[in-house]
Amino acid sequence: MSQAIAKQSENAGGNEEYKNPAVAWMIGFLFVVSFLGLFSVVPLRKIMIVDFKLTYPSGTATAHLINSFHTPQGAKLAKKQVRVLGKYFSFSFLWGFFQWFFAAGDDCGFAGFPTFGLKAYKYKFFFDFSTTYVGVGMICPYIVNISLLLGGILSWGIMWPLIETRKGDWYPADLPPKSIKGLQGYKIFIAIAMILGDGLYNFFKVISQTLLGLFYHLRHKDASIVLPLEDRSSPTNSSLSYNDKRRTQLFLKDQIPIPFAVGGYIAIAAISTATLPHIFPQLKWYYIAVMYIAAPIMAFCNAYGCGLTDWSLASTYGKLAIFTIGAWAGGAHGGVIAGLAACGVMMNIVSTASDLMQDFKTGYLTLASPRSMFVSQLIGTAMGCVIAPCVFWLFYKAFDDLGQDGSEYPAPYALVYRNMAILGVDGISSLPKNCFLLCCVFFAAAVLVNLVRDAVGKRRSRFIPIPMAMAIPLYLGPYFAIDMCVGSLILFIWERMNKAKADAFGPAVASGLICGDGIWTLPSSILALAGVKQPICMKFLSRATNVRVDKLLGS
């Protein structure tokens with residue numbers, strides 16, 4: 001939404017086409033939309049957890065991890081894991097501190113090291129010594145990292161150099177490098193096409209699984225039994241184990257009354273409907289009312305689908321809101337900002353709904369009180385509504401180039417989502433020549449690859465790349481994928497040498513690398529705010545350029 005992103009997409013147009021961040025309105029926005037998802041699915045928690053017995057794989061895995069800590073062996077292992085995490089946290093933090101001294105300007109420091117040569121560096125093929133991405137690579141599945149690298153090679157190694165040769169034919173040769181009417185437009189919109197293709201395929205896949213699952217569960221129930229809700233009892237099942245009976249008994253003991261949940265949703269929705277148009281004048285009250293009528297259905301579908309597949313489609317529901325509300329508002333009435341604001345509202349609702357159900361599943365398996373968990377979620381959400389904008393504001397003020405391509409924090413999805421909103425408002429007229437055709441090809445390719453992945457089965461699909469992962473480096477470049485593949489390589493070698501140790505301590509090492517580098521950004525932000533500059537610029541030049549620089553300095 002910011003002016004910086006609006007300028008990159010060449011659609012600044014006036015005050016109504018961007019809204020610069022400010023702590024006050026960000027906190028207010030989060031407070032009026034973040035609690036709706038929590039109240040929307042509370043009445044159905046019993047159906048999903050107890051009656052339908054949805055797995056919620058991440059919640060189940062978390063519960064098993066927590067339960068394992070409460071055994072003698074688990075406690076001993078946990079202590080070792082904490083020590084390993086602390087060691088690699090310290091290494092990552094100190095490495096970030098060391099790198100800071102050499103990054104006094106653009107393209108300075110270890111992040112600008114041309115690992116594979118200067119020509120490859122121009123097309124973003126280099127290792128940037130980021131412990132964060134190395135740690136993420138150790139956590140992500142191998143196929144995700146390979147897909148990212150493959151997408152980077154396909155785009156920055158083949159497609160963009162070829163499209164560059166069409167300069168003056170497909171797009172004007174005198175355009176600035178960041179113009180979306182030029183090469184930048186191909187990068188952004190082809191990436192969007194792949195993301196939409198993958199997202200919509202998985203959306204319809206999960207929705208179909210959701211509907212089939214609902215049909216199966218409802219059909220196999222006794223017709224005389226009313227669908228159980230929060231305050232209705234379930235049919236007794238004598239085949240349940242003692243542990244399951246104990247879990248169910250405790251899970252149903254602390255009930256959250258349905259009138260409280262429904263009343264809470266209606267009250268917050270009313271406050272939100274009255275408040276949001278003052279934050280975003282382009283987002284009319286009737287747009288918000290329609291979204292809040294449809295939101296519980298979408299929240300249920302997302303929470304149910306997440307229970308079946310562990311896949312939250314919050315971003316897809318957000319994109320749906322961008323296109324529908326943006327097109328409804330139209331370009332003359334601030335459709336870009338209206339679509340982006342609607343996306344934020346919808347993603348907040350459906351993501352918090354699925355997250356709450358994951359946590360309820362964890363609580364069910366660990367014998368935690370559901371009412372206590374719900375209250376904890378409310379407290380945590382309230383804290384997040386204040387902490388998240390403040391942390392973002394710190395970054396926003398500390399780094400002048402935040403959100404700029406090529407900066408330390410490019411925020412690529414900001415530009416991607418804004419251009420989705422522009423596409424929803426303006427249509428395909430905003431695309432450069434042949435870009436729409438390429439978008440259609442890559443959209444179809446994303447759908448086709450997903451179809452093939454599902455058709456060949458899980459055993460073979462792990463060798464087929466994931467379109468969503470391939471799409472991300474189309475805009476960003478493959479440098480972070482190289483870092484992640486280094487992380488994968490470290491883990492792969494470790495597993496071959498000692499699989500048991502790698503399984504036990506790999507996540508701890510990865511978490512230490514990620515957290516150490518992440519925590520370093522806090523003191524680096526404080527130094528930037530205080531005006532403390534790095535003392536050294538370590539930059540890499542070609543031999544010919546270096547000779548010219550030496551001559552210039554010597555004259």
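**Note on spaces, a disulfide and helix packing**

1. α10 (183-219), α17 and α20 (467-476) each supply at least two residues of the lining of the largest cavity. The largest share, 4 residues, comes from α20. Helices here are DSSP runs (H or I, at least four residues), numbered from the N terminus.

2. This is a predicted model, in which local features need pLDDT of at least 70 and side-chain atom pairs count only at pLDDT 80 or more, while totals for chains, interfaces and linings use all residues. Residues are numbered from 1 along each chain as its sequence is written, and side-chain values use heavy atoms, with hydrogens and water left out.

3. Rolling a probe the size of a water molecule over the atoms shows where empty space is left. On a 1 Å grid over the protein atoms alone, a cavity is a set of points where a 1.4 Å probe fits but cannot get out; a pocket is an open set with protein on both sides within 12 Å along at least five of seven lines; and lining residues have an atom within 4 Å of a point. Grid points are joined across faces, edges and corners, and a volume is the space filled by probe spheres set on the points.

4. The count is 1 cavity of 30 Å³ or more, and the volume of the largest cavity is about 60 Å³. Its lining consists of A191, I195, P412, Y413, V416, A471, I472, Y475 and L476. By class, these are 9 nonpolar residues, with no polar and no charged ones. In this classification Ala, Val, Leu, Ile, Met, Phe, Trp, Tyr, Cys and Pro count as nonpolar, Asp, Glu, Lys and Arg as charged, and the others, Gly among them, as polar.

5. The second largest pocket holds about 1,200 Å³ of space. Its lining has 37 residues, and M1, W25, M26, F392 and A414 lie nearest its centre. Among the helices that each supply at least two lining residues are α1 (3-8), α2 (23-33) and α17 (412-426); the largest share, 8 residues, comes from α16. The lining comprises 24 nonpolar, 10 polar and 3 charged residues.

6. How do α15 and α16 pack, and at what angle? The angle is about 145°, and their axes are 10 Å apart. Axes are lines fitted to C-alpha atoms, for helices over the stretch in contact, and angles run from 0 to 180 degrees between N-to-C directions. The contact (heavy atoms within 4.5 Å) is made by D355, L356, D359, F360 and G363 of α15 together with P370, M373, F374 and Q377 of α16. It has 5 nonpolar, 2 polar and 2 charged residues.

7. α6 and α22 pack at an angle of about 40°, their axes 6 Å apart. By class, their contact has 19 nonpolar, 6 polar and 2 charged residues.

8. The structure holds 1 disulfide, a term used for a pair of cysteine sulfur atoms within 2.5 Å. The bond joins C108 and C537, with sulfur atoms 1.8 Å apart. The pair links distant parts of the chain, 429 residues apart: C108 is in the loop between α6 (72-100) and α7 (118-122), and C537 is in the loop between α22 (499-529) and α23 (543-554). The link is left-handed, with -60° about the S-S bond.
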